Amino acid sequence: MQVNEYKPLIVAFCCNWCSYAGADLAGNNRLAYPADVKIIRVPCSCRVNPMFILRAFQRGADGVIICGCHPGDCHYTSGNYYTRRRMAALFSMLDFLGIERARTRVEWVSAAEGAKFAATMNDFAEKVAALGENKRLEDLRCKK
Amino acid sequence: MENNKYLREEILRMSGVNTSKCMKCGKCSATCPAYDEMEYHPHQFVGMVEMGDIEPLLKSESLYKCLSCFACVERCPRGVEPAKVVEAVRLVAVRRQGANRMTANDVPETIEEDTPQQLLVSAFRKYTK
Amino acid sequence: MQRVGVFVCWCGSNIAGTVDVQAVSEALKNEPGVVYSANYQYMCSQAGQEMIKAAVKEHRLTGIVVCSCSPRMHEATFRKTAAAAGLNPYMVEIANIREQCSWVHKDMMTGTEKAIILGKAAIAKVNLNAPLTPGESPVTKRALVIGGGIAGIQTALDIADAGFPVDIVEKQPTIGGKMAQLDKTFPTLDCAACILTPKMVDVAQNEKIRIFSYSEVTDVHGFVGNFDVKIKKKARYVKEDICTGCGACVEKCPMKKVPNEFNLGMDNRHAIYIPFAQAVPKVATIDPNACNMLKNGKCGVCAKVCAAGAIDYKQKDEIIEEKYGAIVVATGFNPISMDKFDEFAYSQSKDVITSLEFERLTNAAGPSAGKLLRPSDGKHPHTIVFVQCVGSRCAACAEKGKEYCSKICCMYTAKHAMLTRDKYPDTEVYVFYIDARTPGKNFDEFYRRAVEEYGVKYIKGMVGKVVPEGDKLKVQASDLIANKQLHIDADLVVLAAAIEPDKSARPLATMLTASMDTNDFFTEAHPKLRPVESPTAGVFLSGACQGPKDIPETVSQAGAAASKVIGLLAKDKLTGNPCVASSNELMCNGCSTCERVCPYGAITYIDKEFRMPDRTTKIRRVAVVNPAVCQGCGACTVACPSGAMDLNGFKNSQIMAEVDAICK
């Protein structure tokens, strides 16, 4: 693969109530962001099991971003607080494993922040692309 | 018009102002202390630069009437910063003529006895920028 | 193995413009489980839905994937379609290829590529879907309305009309809200009190409505149909059921110098007070910060003069617990503080006032008994300058103003200007405006009447500064049409202050888990199609808490919110969300981790007998989820150390399959 053709693979977990709606709003307003970002809908950011993130990296994802409601605005009252603490723990472990910190991120995007969603995705994709391909956790058994 | 488009962009770049943010309320002109001295007023500077109608501004004395007091910048509800636009148009005029409107030597003749020093300093700052 | 049907929607050119729908449906044909793949112009249309139903029958589909707009838009539509075709509605998955693909990517190739991957993820998920049946929960047939302004009053009356009991919680000692403070209403110039106070009396006399005045909501638990609410009834030191509202105590109270909130501090009230003559409930309230008896134990005059014996200095705050089926938020608005607008000299001169203060000045029950007099010297003002958009449409500084248009100012300023010219034709009235926004029935005619019949001078421009000089206010302003700077010696300057949501709205939103926008207005479930519902089920919005609104709009929204509440309360049972957590009791260790993270207390433990392989039995503690209480956030699924907890509809295996499909 040539360097200038390199397209990162980014998985975004978005909570149904805020961030997924924010992503929809970005769409309604036609705010472009890279097609490398693929969104998975979860009811709440606290539904994101660290296993999903590890699996994504294992399968060759270059970056994983988790988006939830702003602290205090969680549809389920406190779900995003769990996310924040769980991801802090997971990211430090990923750091230990040699996955750069810029490959993972937790971002709060409300249903009204379509512009923020697009800006976040643009910025994240750029940072991940700058790091290049992620090979650290890639599982060779998953290679075809 | 091509030339003006280029000029407009140059002015916007120099001033760092986005004139399309203007909602044409006229608060800048309402607040301007030098309003009556000016042929073109702060809101017109913003509006005319936005439309690319810059030549009349470059020829106008109004450029040198703006005190750079920044009252318009302070009061603008949209954060447009008209004084910076005036400053940028002024810079274009200065660069185009290759010289200032007056030289340093002309200044002593035009000032009055009781002119405060501070005014001189800011005048020089403005004319030589 | 599922038999999956894939349906790719063009959405006219919305999707087909950037995504090659033909290529997408071709590519998805070969995915595991897929037996049928098609594309159509509008999948959500009647014909599109019929096409899905026919395919289900013909190809014996067990799962459906629709590649279309956001599931937030049409998931419910396609679930109904599936149900009509005899499938379990939860066998439908949506791949969002409009909002999150065709609309945000400009390039046909990348758009198509991404749409295929999103489709594959949805197929991977639907392959693992299982039929789900929603649980049922009962509905408490009582509604709570938070806020007793015109929005709350109208909502409560409409709900009570349908026969359901309603409680109004109002933090002030009386209901009535902002409308009670107004003088006249545009564009008909009805007197606000004349149309509001009969409604307030209706509320008081309605057997179905209870008013908790001087009270606040302190705690909300539960879910749609079953809210448990705690209401703090603040001590007013007067027994509400005994007080007759005769006002003898108010007359005799020696503490006379308390700023009167109802008149925005422009005159004084007593320490014991009734906000205004038509207050509902008409009951006195003692201000604990001003009353000498409550502060120092010295006085007691009101208790002596009260013939009914209603004064009770020992009264304590009371907590009331009640169950509700639905909650309506009607917390309203306030004008923003003018402190940051030094250029208009609001804090320097008493004669620079806000429009709400002007409203009180011209009100017959106001501080000047309806005569328009300057607050500073009580003289009649001859030149009045109205300034529009003070703090509205202000994007420069978030601390100073608000970015949005406050919507009502253009009209009430036209009203003020017109009424001033009508009562005092010798007064010069100037209105400085940026845009005169009058989109409403008879609104523009009203504004033009102010100009053409009443001679109000509308000037396109803005006031730059106001400087108090002697007994005049020197106003410097621009006239953009004449291209002049104006200098006006005014006697009174009226600022049309922007409006903002009430400060109590933010903590309330947290309690209700209802979302808010960046300006602290409540967000609606859908900006166009569900304008009176909050995204949180069972919570409804009425009035200016959702966005700036005038009275007719507020009343119509209040009625709409009431009809939604009635629709909810009319049901005996609610079908719940079947996407709830469930525990695999064979794997559960009974460790209590999930119980601790559950925000709803939906998880309990039971001791259950298990039969072991050697035919002995063993009693183990296992988790049980109450599906009526569980809201399906999934916090427990991640917390569970043994992997016993899973979330229906979003199973670990399903999300994992989506991840795999995307990362292939």
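Hello everyone, and a few ground rules before the tour. This is a predicted model, where local features need pLDDT of at least 70, side-chain atom pairs count only at pLDDT 80 or more, and totals for chains, interfaces and linings use all residues. Residues are numbered from 1 along each chain as its sequence is written, while chains are lettered from A and ligands numbered from 1 in the order in which they are written.

Let's begin with chain C. Its C-alpha atoms fill a box of roughly 95 × 65 × 40 Å along the principal axes. Chain C has 19 helices and 34 strands; here helices (H or I, at least four residues) and strands (E, at least two) are DSSP runs, numbered from the N terminus.

Of the 664 residues in chain C, 52% count as buried. Buried means that 20 or more other C-beta atoms lie within 10 Å of the residue's own; exposed means 12 or fewer, partly exposed is in between, and the C-beta atoms are placed from the backbone. As for contacts, two residues have one if their C-beta atoms, placed from the backbone, lie within 7 Å. Among contacts in chain C with a separation of 6 or more, 70% come from residues 24 or more positions apart.

Now for the interior. A nonpolar core is a set of buried Ala, Val, Leu, Ile, Met, Phe, Trp, Tyr and Cys residues joined through C-beta atoms within 7 Å. The largest one has 135 residues, and those with the most contacts inside it include Val385(C), Phe432(C) and Val493(C).

Next, a sheet in chain C. Strands E24, E25 and E26 form an open sheet in the order E24-E25-E26, with antiparallel pairing; strands pair if DSSP finds at least two bridges between them. Strand E24 (463-469) and strand E26 (484-490) of chain C stand at the edges with a single partner strand each, so one side of each has no neighbour in the sheet. The twist averages 20° from one strand to the next. Strand E25 (residues 472-479) of chain C pairs with E26(C) over 7 bridges, and Ser478(C) stands opposite Gln485(C) in E26(C).

There is a hairpin to look at as well. Strand E11 (residues 215-223) and strand E12 (residues 226-233) of chain C run antiparallel, joined by 8 bridges. Glu216(C) has Lys232(C) in E12(C) as its bridge partner. Between E11(C) and E12(C) there are 2 residues, and Gly225(C) in the turn has a positive phi of about 85°.

On to chain A. Here 4 strands form an open sheet in the order E2-E1-E3-E4, and the pairing is parallel. Strand E2 (37-42) and strand E4 (104-108) of chain A are at the edges, each with a single partner strand, so one side of each is left without a neighbour in the sheet. Strand E1 (residues 10-15) of chain A pairs with E2(A) over 6 bridges; Val11(A) has Lys38(A) as its bridge partner in E2(A). Helix H19 (residues 652-662) of chain C packs on this sheet and touches E1 and E2 of chain A, its direction making about 175° with that of E2(A). Axes are lines fitted to C-alpha atoms, for helices over the stretch in contact, and angles run from 0 to 180 degrees between N-to-C directions.

Finally, how do the chains meet? Of the 2 pairs of chains in contact, chains A and C share the most contacts. That contact takes 44 residues from chain C and 44 residues from chain A. H19(C) gives the most to the side of chain C that touches chain A, with 7 residues. By class, that side of chain C has 19 nonpolar, 16 polar and 9 charged residues. For these classes, Ala, Val, Leu, Ile, Met, Phe, Trp, Tyr, Cys and Pro count as nonpolar, Asp, Glu, Lys and Arg as charged, and the others, Gly among them, as polar.

Chain B meets chain C too: 15 residues of chain B are in contact with 18 residues of chain C. Helix H2 (residues 27-31) of chain B gives the most to its side, with 4 residues. Chain A and chain B do not touch, and their nearest C-alpha atoms are 17 Å apart.
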